[in-house]
Structures are given as structure tokens and as C-alpha cells.
Amino acid sequence: MKGVLDERSFAAAVTELCDSDPDLAAIVAEHGVPEFWAREPGFPTLVLLILEQQVSLASARAAYDRLVARLGGLTPQGVLDSTDEELRADGFSRQKNRYVRALAAALEDGALDLDAVATLDDAGVRTALVALPGIGPWTAEVYLLSALRRPDTWPVGDIALQEGARRAKRLELRPSPDELETIGEAWRPHRASAARLLWHLYLDGRAV
């Protein structure tokens, strides 16, 4: 298993990507190199990723913050001890209530060990995570990229990434996940760094 991304290896990957792809080099020339960011691996990050599915980041963060404030911290047992009414008041839909409870139960009964998952290769991490209700390929890939900081993850189902690729490659239409998979082949083994550049383009150019 290859090492994790950090500020130094990200900078080196960006240099290599820009040397090989003028479209990525143009992003850096116009918008600069994005700040390296990461999330803490573990239960709280997975809860937030579940909340972020199909809603705005702001509304997901608001629900997450209400949950943490009510519990005084975020643990699997705290979620399991919460009533459906409390989670609904925090901002959880019925579906996301079910997903977060399933994740918490898997951690509490030992069916899922996130420390052990972190030692697996990328395919093993995906398999372990998508076995849970409510954790699909997008959530698993973003966890791999942002929390485990794997260097070649590529969340093709991410709409912002698709839009960033459309702008970078000057495509008429946003690429499908399969098309984005093909586009990303040229950026192996640094696709996570390419994703960060494309997200940077998307966030800096929302009005485009």
C-alpha cells in the first residue's frame, strides 16, 4: 500500500501533473495551488459524509453541528442512545437516521473496525465501507481521499469534480462518471491531487 498524501507529496504531485497536462497547469496559473486539507479518519467524518449526500455542504454541517452540540461530542453510543425525534430535530432525514444508526451499531458490535479498515488497500477499504447501508461508492471514495489521504482515489460520482473537469477540459457537457473515469486515467497515480485541483477550479469559478 502506497503512502498517504501530505503537503509535501501533494506539492510534488501537482508539479508532476502540471508538467504533463497543460489544462491542469492552467488551473494553477490562474487560481494557484489549493491549500492542502484533510479530514480526521473515524466515525465523525463518516457521519458528516453521510449527511453531505445529496444536500448542500452548509445544511449538512448545520445538522452535524446540532448533533455534536446536543451530545457534547460524537460517539457511536451517543447516536444509538438518541431517539428518532432527537435526530430529526438535529436535521436527519428518516433515511440518514437509519444509515447513521447502522454505522454506529457496526462500530459498537465490532462488525466494523475503522482502525483496521485504514490498514487495507484502497479496494479493501471500499469493500468494507460499501457493505454498510447508506455508504456507497461516492462516500467511500471521499473518505479514502480526504480522511485516509490515499493518493490515487478518484470519486467519479462527485458533481463538483465532474464540473471541474468539464471546465478544465472545455467540454460542452459535464462528463458522466464513466467518462470521468476515462479522463482520470491520464492522471494516475496522482488522481487525488488532480481532483483537488479540479475542485479548486470549481470553487474559485462558481460564477463561470
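**Loops, core and pocket**

Mentor: Let's start with a loop: Pro 189 lies between α12 (177-184) and α13. Keep in mind that this is a predicted model.

Trainee: Okay. Is the peptide bond from Arg 188 to Pro 189 cis or trans?
Mentor: That bond is cis, with omega near 0°. As background, most peptide bonds are trans.

Trainee: What about Arg 170, where is that?
Mentor: Arg 170 sits in the loop between α11 and α12. It also has a positive phi, about 55°, although it is not a glycine. With a relative accessible area of 62%, Arg 170 is exposed.

Trainee: Changing topic: how many residues are in the largest nonpolar core?
Mentor: There are 34, and those with the most contacts inside it include Phe 43, Leu 103, Leu 129 and Tyr 143. Helix α3 (43-52) gives the most to this core, with seven residues.

Trainee: What does Leu 129 touch?
Mentor: Leaving out residues up to four places away in sequence, Leu 129 touches Leu 46, Leu 114, Ile 135, Ala 140 and Tyr 143. Apart from this core lies another, of 25 residues, among them Leu 5, Leu 24, Val 28 and Trp 187.

Trainee: Which helices do the buried residues of α7 pack against?
Mentor: They pack against α3, α5 (76-81), α6 (84-90) and α8. The buried set includes Tyr 99, Val 100, Leu 103 and Leu 107, along with Lys 96 and Arg 101. Just after α7, Gly 110 takes a positive phi of about 85°.

Trainee: Last topic: what volume does the largest pocket have?
Mentor: About 810 Å³. It is lined by 26 residues, with Leu 57, Trp 138, Asp 158, Ala 160 and Trp 199 lying nearest its centre.

Trainee: Which helix supplies the largest share of that lining?
Mentor: That is α13, with five residues. By type, the lining divides into 12 nonpolar, eight polar and six charged residues.

How values were computed
Residues numbered from 1 in each chain as written. Predicted model: local features only at pLDDT ≥ 70, side-chain atom pairs only at ≥ 80, totals over all residues. Heavy atoms only, no water. 1 Å grid on protein atoms, 1.4 Å probe; cavity = no way out; pocket = protein on both sides within 12 Å on 5 of 7 lines; lining within 4 Å. Points joined across faces, edges and corners; volume = space filled by probe spheres on them. Helix = DSSP H or I, 4+ residues; strand = E, 2+ residues; numbered from the N terminus. Nonpolar A, V, L, I, M, F, W, Y, C, P; charged D, E, K, R; others polar. Core = buried A, V, L, I, M, F, W, Y, C linked by side-chain atoms within 4.5 Å. Buried < 20%, exposed > 50% of the residue type's maximum accessible area, 1.4 Å probe, protein only. Contact = heavy atoms within 4.5 Å.
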